[in-house]
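Student: I would like a close look at one part of this protein. Please take it step by step and then link it to the rest.

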Amino acid sequence: MKISQNVQKALDEMGYHDLLPIQNKVIPLIQNGENLYVLAKTGSGKTASYLIPAIDRIQSIDSFTSVLVIAPTRELAIQISLEANFISTYAKVHVVTLIGGMDTNKQINALRHKPHIIIATPGRLLDLYNQEKIDLSHLSLLIIDEADQIYSTGQSEDVRTIRSYIPHVQTVCLSATSSELVASYFDDDYSVIQQDEIAVSNRVSSFFIQTDDKKDTLLQLLHSLPITTAIVFVNHRSTAISLSEYLSHHQILTSAFSGYFDERKRILIMNEFKKGNIRVLVATDAASRGLDITELSHVIHHDIPIDTETFIHRSGRTGHQDNEGETITLLTPEDMKSDVGMYIRMHGQEYTPQDTTGNDLSVPYHKEQTKKPNTQTLLIRAGKKDKIRPKDVIGALCSIFPFDEIGTLEIQDTYSTVTILNTDEDIFSKLDDFFIKGKRRKVEILKEKL
């Protein structure tokens, strides 16, 4: 396969020196324009398998949206966007994320810059499309990630409606489990690409424990296992909150996590967990799909899931990026007799307590920083209300940075953001005297940009 130098440079800096098996299969087929239904285990590298060819096909001079990625959850959409921004760093591809719970006006302003790629949840995407804020007339590639979950979360009608607006466009659906209903997302012939049997990754060891007191057993496990960070899955928000409070009382850095939480709260909790400041996340199935969290050593099923597919997705949160992981299920005698309980027992082994001492979960775990290209994002305190236009910002920046080091630009009402492909501190010191249209503008360097 051929990949442009700009995309390859970003991949090299991110540590993608060798493609994973599913990426080697899928990337050439997407490049050839084929419709695909991709079935692969969680953590197999599915996201990069479509982002690499999607970004590679875009020309930075394009002034239209050519790629649309639909994700069932806000967390997954955010994660896809972060990876897309990293891969597209040197290709100067503009990515916009549309999710509920966030400022609609900011998203509308971002759409005015005619992004090359839109990554969205179905509800917000359909809402803005119906407001005529989105132009999909030049779309050449539609990606539907975690397609089976779109059905299970009741978002299929929104996706089918969106699909009717963009007929006969190359379509790629991805999932870790098979669903016949996904076929309705295709209006042309498609090929099924399957990587091995759909099951828990062979990098994840599956265990179960029979217990009459799940809370006490869980606490013993957390104090004895060599945990970096862990997710404890439960079935209800109320359980997540009460169990998190119980663990906090026993000096464990923990937080509950649920789809019912406010969006900003969910993003804050997940960011703290990814950093290692939260050691144990007590979560509903809002955290069971698609999330790629580094150095997540253990998944513990406090409550057994509703079906085996959810068990596979939950367990797949660990064992990413060629790391090994463990999943442990707590089973009451009643759980043991259920269909899911029987599946867990058939596909795992009874856990034998190890003669080890766990880490101190009352202190943060310092994770290695994720590799990403060397860039900085500038926040310029000038926007549409200051009658600032893109050429005004680009022209002012060109007095400091070479043009080819100026990346994607977004102008909001009161501020603008721009990616700079340069981390030379001496150059950034010149921003102390930064003028646009003859007026000094305050400039800040952001740590991260969604």
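In the open sheet that contains E3, what is the order of the strands, and is the pairing parallel or antiparallel?

Tutor: A word on the source first: this is a predicted model. The order is E3-E4-E2-E5-E6-E1-E7. That makes an open sheet of 7 strands, and the pairing is parallel. E3 and strand E7 (191-194) each have a single partner strand, so one side of each is left without a neighbour in the sheet. Between neighbouring strands, the average turn is 15°, direction ignored. Helix H3 (residues 46-56) packs on this sheet. H3 touches strand E2 (67-70), E4, strand E5 (141-144) and strand E6 (170-175). The direction of H3 makes about 160° with that of E6.

Strand E3 covers residues 95-98. E3 runs parallel to strand E4 (residues 117-120), and 4 bridges join the two. Within that pair, valine 96 stands opposite isoleucine 118 in E4. Strands of a sheet pair through backbone hydrogen bonds, so side chains are a separate matter. In a regular strand they alternate between the two faces of the sheet. E3 can be read in those terms. Val95 and Thr97 point one way, Val96 and Leu98 the other. All four are buried.

Asparagine 35 sits between helix H2 (21-31) and strand E1 (36-39). Its relative accessibility is 13%, so asparagine 35 counts as buried. The asparagine 35 side chain reaches the backbone oxygen of aspartate 189 at 3.0 Å. Beyond its neighbours within four places in sequence, asparagine 35 is in contact with Val169, Gln170, Thr171, Phe186, Asp188, Asp189, Tyr190 and Ser191. Leucine 142 lies 107 residues away along the chain from asparagine 35, yet their C-alpha atoms are separated by 9.5 Å.

E10 pairs with strand E11 (residues 280-283) in the parallel sense, over 4 bridges. Threonine 254 stands opposite valine 280 in E11.

Next, charges. The whole structure has 9 salt bridges. One of them joins aspartate 335 to lysine 214, with the closest N and O atoms 3.0 Å apart. Aspartate 335 lies in helix H13 (residues 333-337) and lysine 214 in helix H9 (residues 214-224), so this pair ties together parts that are 121 residues apart in sequence. Both aspartate 335 and lysine 214 are buried.

A local case is arginine 160 with glutamate 157, whose closest N and O atoms are 2.4 Å apart. Both lie in helix H8 (residues 156-165), 3 residues apart, about one turn of the helix. Arginine 160 has a relative accessible area of 30%, so it is partly exposed. Arginine 389 forms a salt bridge with aspartate 392, the closest N and O atoms being 3.3 Å apart. Here arginine 389 is partly exposed at 41% relative accessible area, whereas aspartate 392 is buried at 14%.

Last, a charge with no salt bridge. Arginine 441 lies in the loop between strand E19 (439-440) and strand E20 (443-446). Arginine 441 is buried. The nearest side chain of opposite charge is that of aspartate 386, 4.1 Å away. The side chain of arginine 441 does reach the backbone oxygen of isoleucine 436, at 3.4 Å. Leaving out residues up to four places away in sequence, arginine 441 touches Ile380, Arg381, Ala382, Asp386, Ile388, Phe434 and Ile436.

Technical notes. Residues are numbered from 1 along each chain as its sequence is written. This is a predicted model: local features need pLDDT of at least 70, side-chain atom pairs count only at pLDDT 80 or more; totals for chains, interfaces and linings use all residues. Side-chain values use heavy atoms; hydrogens and water are left out. Buried means under 20% relative accessible area, exposed over 50%, partly exposed in between (1.4 Å probe, protein chains only). Lys and Arg count as positive and Asp and Glu as negative; His and the chain ends are not counted. A salt bridge is a side-chain nitrogen of Lys or Arg within 4 Å of a carboxyl oxygen of Asp or Glu. A polar contact is a pair of N or O atoms within 3.5 Å; within protein, one must be able to donate a hydrogen and the other to accept it, and residues adjacent in sequence count only if both atoms are side-chain atoms. Contact means heavy atoms within 4.5 Å. Two strands pair if DSSP finds at least two bridges between them. Axes are lines fitted to C-alpha atoms, for helices over the stretch in contact, and angles run from 0 to 180 degrees between N-to-C directions.
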